[in-house]
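Me: Hi! I have a structure open and would like to talk through a few packing details. Could you walk me through it?

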Amino acid sequence: MPSDRALTAVTAPDGRTGAGAAVDPWRLAASILAYALPAVFIVVPLALFLAQSFFYVEGGHIIHVLSLRNYVRFFTASVFVPVFVRTCALALGVAAITVVLGYPVAYLLASLEGRRKYAMTLVFVIPLLMSYIIKIYAIRSILGSNGFLNRILLWAGVIDHPLTFLLFNLNAVLLTLSAILLPFAILPIFVSLERIPRNVLDASADLGASAWHTFRNVIWPLSLQGTVVGASFTFMLALGDFVTPQMVGGTSGFTFGRIIYSQFGFAFNWPFGAALSVVLLVVVMVAIVLTGRAVRPGYPT
Amino acid sequence: MTAPRKTLVELKDVAKAYGDVAVLHDIDLRLYDGEFMTVLGPSGSGKTTILRLIGGLTPPSRGAVLLDGTDITAMPINRRPFNTVFQDYALFPHMTVAGNVGYGLKVRGVAKAQIREAVAKALELVALGELAERYPAQLSGGQQQRVALARAIICNPRLILLDEPLGALDAELRRQMQRFLKRLQREIRITFLFVTHDQEEAVTMADRICVMHRGRIVQIGSPSEVYYRPENEYVARFFGDNNLIEGVASADANGRHRIATPIGTFVSARDPTPGLADLAAGGPVKLVVRPEAIRIGEPGLANRLRVRIEEVSFVGPVSQVQVRPLERPEIALMVKLSSRAGGLPLVEGGEIEIGWSDDECHLIAP
Amino acid sequence: MIRLPRAATAALSLVGGFVVLILYGPLSVAIFFSFFRLERNVVRWDSFSFDAYGALTHNEGILDAISNTMIVGAAAVVLSLSFGTLLAFYCRAGRSRARTALQFVIFLPFLMPPIITGLSLLIFFREVGIPRSLVTVVIGHTVFVLVLVYRIVFTRLQSLPPSLVEASLDLGASRWQTFRHVLAPSLMPALVSAAVLAFALSYDETLITLLVTGTKSTLPMRLWAMMRLGFTPDINALVTLILAGTTILALVALRLVKLPQRH
């Protein structure tokens, strides 16, 4: 209790310790601001967005009347649900790839010490802050039939004709997103590995467990939550991405994100786009809840 | 010495609760100008809360805080002319020792030159003159503590509040600091309110001790008063071992007091605790007599008793003898005697007569 | 630190090497080709030049985009720092359900897919009547990085013993003086690292920006447009410069974020 009290004295002295004024104007202003700005710029937009999904478009205008037709259209029209399912599968694929590759990397980092650990962690984390579009562009210029990869393979004589299945389809989207989102998987796994108390590992070794047994019985269960967090994070980012598919997806690599985006562009059906986004959001929230349940309580978070 | 003491700070009918949890009940406390008072009690007794109430860090739920007779309950911390030495010293880590000590003057707008002078004096007072340009992280615990002290003294407050400041120091350093604080207080003549859970510390330093238990003040008095004249069982047992014998009071012809107990009737020539129910009418009371006041085999004592020796333990300068009255062996009493090389001439299992004078025991509430 | 037998370390290092290839390979290629030219499947090693970079400085669109990115980044940093600090102090001052809810709300834009954050802001701006422009981009970025600044400042505040504030007040300082002399200096490292991190995130923010931007563009927007229109020789040069810039920024940011913990 005393810990909060002191800062209360600075930021929000109550009437008894205050200068006698019943309500301190600064404190009031601060409280109002603290709630007002997030309310206005986060809660209200979300509410409007939700509301918008229940409106509809007729004759080029948005009709502000509540209706479920957007959702009905999503489920009944033949094109949307399959694309959605395909996109979910794609996102799951991205999550799987990033975790399968990311876990060993995180493990490797966790086994390093001191400066080396710090330096190597930087190596894998810096790409997070490198330009997103440039990464896509770079990958695209490598994967294309005229791209770097093909030229090398041709020059090395491994193939006779350039590989065309690498670009402008869903494969490309899968590969590109995996490459871009890898660090997002590595980081949470690494953090959860680091959180395992050292003495637990020592105890396991002391009791005679080999490195493999220690991994299987101690490290893996304790790092499970971090892994799940990493997977769900990449899943979520992959699901809603609409730039990558546009740049490397071509016509066959049409994802749900692109459909949503086009509603706000050419298709000019904002309410429908909002409805589609709500569907996306629901899936994301379900994923978060499921992953939260899948991890048993009691383990260090 | 006979001049009436002036009350500096008073807590009147103060209570404090955090939500549903009551931490202080019915506190009435007077702090005299220039005295060194210790507030003593185990954790949870409310002693730190009293300090925070006076300092203004927490408002009371009920009651008033008075300074020189004026109600300052609503006065904020930074206006009260008191300074606190915190348990964790609370030195500003990004300022030098000089910066820390001079802070109180700086925020008052005192001129830099004057601050420098005052800081130098304050640091000299706590014997830290050469460390003025160091940072708190570079100092030892004891040094940090003295910086905190200098910081509190420099503003010449009416009262310095010390919140268990010696807790983090090792035993030897603690004793040194206790003596140092006592001397310092005498020298600068500022009132000190010192909170601790260590009875030895309290007894060493204080002019008066305020003993707290579960949010109430159970006794206030000088160290010897509190030690030799506990007013209730809690205080009696708080300072070392004590003997308490239950019985019923009755009057005595010579203005003394008698207590009839299962193991005999005893007499006390001292005043009983004030506020005891009508003694002549025979209310229940307890007799308190210190183990070191009991003598063995000495004739002419007002109170005597035959006992069997149960155990003799050597505890350094003192030897403890646990005895049981012949008539009521379920009661245990303790006697403390100076040890002797070669042991005391006492045999476990043997019978002896113990006694104490009527001057060295008194009656308290049951 | 996890102990590993040699064989395991070797195997893991292989995976690690492969991942490094994935992460840095494409970019290295782009950088390489900003200096060299390719003619008929053969690298012309003698074509090393800075011509492409020179062409950049004349490209008005790029320079505009860069300055816009800087402006947006600076504005987002200032806003998120001020507001994030306010929130950190407010939430630190007590516990309540309202405060917990508040913390969740500011976490939302970071937690949800960027497309949702962007779309909700887009709809909001439209309904309220705010035209899309750099201002809306700034708002979008601020809302996105806010929780990061808040967390960094809040964590730093938490690590300050409350007795420091009490001591300052006890010595007679006003609340403002306490903030100025005691709290602010302690918060400074956290604020700096939060600022750098926020700027780095804003610099590269693409998805939200795409949705709420007006006619003026930031660097990612410009790149996006360039990617769709086709290749120009200076793209690779631009790419290299941006990478250099973000790498430096990233290194600085990560160094600063780690630093408070070391002490």
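Me: Which hand does the crossing of helix 8 of chain A and helix 10 of chain A have?

Reply: The crossing of helix 8 of chain A and helix 10 of chain A is right-handed, meaning the near helix is turned clockwise from the far one by less than a right angle, with anticlockwise counting as left-handed. Helices here are DSSP runs of H or I with at least four residues, numbered from the N terminus. Do keep in mind that this is a predicted model, where local features need pLDDT of at least 70 and side-chain atom pairs count only at pLDDT 80 or more, while totals for chains, interfaces and linings use all residues. Residues are numbered from 1 along each chain as its sequence is written, and chains are lettered from A in the order in which they are written.

Me: Thanks! At what angle do the axes of helix 8 and helix 10 of chain A cross?

Reply: Roughly 155°, and the axes of helix 8 (residues 170-195) and helix 10 (residues 211-240) of chain A come within 8 Å. The axes are lines fitted to C-alpha atoms over the stretch in contact, with angles from 0 to 180 degrees between N-to-C directions. Helix 8 and helix 10 of chain A are therefore roughly antiparallel, the word for angles over 145 degrees.

Me: Switching to chains, how many residues are in the contact of chain A with chain C?

Reply: Chain A gives 77 residues and chain C gives 74. On the chain A side, helix 2 (residues 25-52) has the largest share, 16 residues. That side divides into 61 nonpolar, 12 polar and 4 charged residues.

Me: And how many residues of chain C touch chain B?

Reply: 15 residues of chain C are in contact with 17 of chain B. Helix 7 of chain C brings the largest share of the chain C side, 6 residues.

Me: Last one: why does Ser28(C) count as partly exposed?

Reply: Because Ser28(C) has 13 C-beta neighbours inside 10 Å; 20 or more would be buried, 12 or fewer exposed, and partly exposed is in between. Ser28(C) sits in helix 1 (residues 6-35) of chain C.

Terms used:
Contact = placed C-beta atoms within 7 Å. Helix = DSSP H or I, 4+ residues; strand = E, 2+ residues; numbered from the N terminus. Nonpolar A, V, L, I, M, F, W, Y, C, P; charged D, E, K, R; others polar. Parallel < 35°, antiparallel > 145°, perpendicular 65-115°, else oblique.
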